[in-house]
Amino acid sequence: MIIKDITVKHQTVPLLVPFKTALRTATEIDSISVEIQLENGIKGKGAASPTYVITGDSLEGIQAALQGPIKLALIGEDIRQFQKLLKKIQSCCIHNSSAKAAADIALHDAYTKFLNIPLYAFLGDKQPISTCMTISVDTPEKMAEDAQKSAADGFDILKVKVGSIPELDLERIKHIRSVIPDHVKLRLDANQGWTPKQAVQLINEMEALNFGIELVEQPVVAHDWEGLKFVTERVNIPIMADESLFSAKDALRLVSGRYVDLLNIKLMKCGGINEARKIASIAEANGVACMIGSMMEPSLSVGAAAHLAAAHPNITYFDLDAPLWLSTELDVLKYSGQEVFLSDLPGIGEITVPISK
């Protein structure tokens with residue numbers, strides 16, 4: 001079954017509210033969609049978004065990689081040589097993890113439609129999944145207001161962005177903790193905003209104050225693996241690598257060297273579902289659990305990540321709220337409070353009944 005054509009489109013999607021982290025503020029996203037068409041008419045769809053400050057990928061770069069070397073690698077090939085094609089996507093150009101992720105997702109979508117099964121069934125399971133809700137970094141008062149609303153909306157886990165002004169972070173968490181129920185857990189994401197010593201001091205202070213923190217994500221700059229290890233060895237709250245993790249090779253070094261306690265997998269960082277599965281399995285072999293997360297990106301790519309999360313036994317933490325921030329209608333995922341539901345149609349599937357946010 002030959003791949004006949006590949007098309008690439010771009011659209012700008014406004015966010016419902018600004019998304020703020022220690023690294024950036026986003027009010028809209030660029031959504032680049034790719035469609036792989038087979039000779040029998042089956043269409044596999046994938047998507048990506050650029051995140052300069054994390055992947056280094058730009059809108060123009062993603063479009064160029066998809067319309068250039070990736071298209072050249074796939075056109076005329078037989079999708080039944082699925083594993084060979086996954087390798088060709090990764091080897092046809094260096095870097096460009098977001099473009100490769102979009103193509104990898106589209107190839108998985110086309111192949112599972114060709115097999116006439118949902119993507120989760122191809123990957124091997126359909127365990128229940130849920131999501132935390134992100135609280136953008138802001139003033140302590142505004143973050144407390146947002147956290148209170150999300151808790152009232154039924155989210156038992158809040159992912160709180162910190163690190164933009166480290167001196168404010170303790171106050172931020174105090175304000176949030178004072179307005180949410182005791183059962184609501186907090187995940188802190190510093191997005192590289194702390195120094196190693198600052199991270200140890202803040203995390204230990206927060207633990208002593210019993211703030212109910214489940215984990216802390218990427219406390220120090222991405223390249224400072226020794227800093228990550230310094231923090232991991234000096235606090236009791238689990239430390240998770242995010243921006244430090246881009247590949248299965250990174251995962252092997254991070255878990256075998258005990259640099260962190262947990263890994264955050266994102267398709268835009270690692271180049272797609274195939275590499276993400278390798279990361280989760282490497283971590284599993286080393287006794288390290290994984291979270292599936294996403295950038296601020298289209299629901300289609302988050303949906304692909306959700307199928308993987310439902311299928312892999314070592315993905316036990318979920319951060320899949322990005323589609324709830326977009327002004328577009330949900331199309332491949334359904335949410336009920338914090339619960340996330342997948343389509344049972346072949347491929348990534350579609351939600352045929354519009355879902356209100």
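Reader: Which residues of helix 9 are buried?

Author: This is a predicted model, where local features need pLDDT of at least 70, side-chain atom pairs count only at pLDDT 80 or more, and totals for chains, interfaces and linings use all residues. Residues are numbered from 1 along each chain as its sequence is written, and side-chain values use heavy atoms, leaving out hydrogens and water. Buried means under 20% relative accessible area, exposed over 50%, partly exposed in between (1.4 Å probe, protein chains only). Helices (H or I, at least four residues) and strands (E, at least two) are DSSP runs, numbered from the N terminus. Helix 9 covers residues 248–256, and its buried residues are Ala248, Asp250, Ala251, Leu254 and Val255.

Reader: Why do the buried residues of helix 9 line one face?

Author: An α-helix has 3.6 residues a turn, so residues three or four places apart point the same way. Down the axis of helix 9, the buried residues fall within an arc of 150°, so they line one face. The arc is taken from the directions from the helix axis to the C-beta atoms.

Reader: What do the buried residues of helix 9 pack against?

Author: Contact means heavy atoms within 4.5 Å. The partners are helix 8 (225–232), strand 9 (239–241), strand 10 (262–265) and helix 11 (273–285). Just after helix 9, arginine 258 takes a positive phi of about 55°.

Reader: Which residues of helix 8 are buried?

Author: Trp225, Gly227, Leu228, Val231 and Thr232. Their arc around the axis is only 155°, which puts them on the same side of helix 8. Their cover includes helix 7 (196–208), strand 9 and helix 9.

Reader: At what angle do helix 1 and helix 3 pack?

Author: Axes are lines fitted to C-alpha atoms, for helices over the stretch in contact, and angles run from 0 to 180 degrees between N-to-C directions. Helix 1 (residues 59–74) and helix 3 (residues 97–115) pack at about 60°, with axes 8 Å apart. The contact involves Ile62, Ala65, Leu66 and Ile70 of helix 1. From helix 3 come Ser98, Ala99, Lys100, Ala102 and Ala103. Angles under 35 degrees count as roughly parallel, over 145 as roughly antiparallel, 65 to 115 as roughly perpendicular and the rest as oblique. Helix 1 and helix 3 are therefore oblique to each other.

Reader: Now strands. What is the strand order in the open sheet of 3 strands?

Author: Two strands pair if DSSP finds at least two bridges between them. The order is 4-14-13, with antiparallel pairing. Strand 4 (129–130) and strand 13 (333–336) are the edge strands, each pairing on one side only. Strand 13 joins strand 14 (residues 339–342) over 4 antiparallel bridges. Lysine 334 stands opposite phenylalanine 341 in strand 14.

Reader: How many bridges link strand 2 and strand 3?

Author: Strand 2 (residues 25–38) and strand 3 (residues 43–48) share 6 bridges, in the antiparallel sense. Their hairpin has 4 residues between the strands, and there glycine 41 takes a positive phi near 100°.

Reader: Is methionine 291 buried or exposed?

Author: Buried, with a relative accessible area of 0%. Methionine 291 lies in strand 11 (residues 290–292). Not counting residues up to four places away in sequence, methionine 291 touches several residues, among them Lys159, Glu217, Leu263 and Tyr317.

Reader: Where is valine 184?

Author: In the loop between helix 6 (166–179) and strand 7 (185–189). Valine 184 is buried, at a relative accessible area of 1%. Beyond residues up to four places away in sequence, valine 184 touches Ala151, Phe155, Asp156, Ile157, Leu158 and Arg177.
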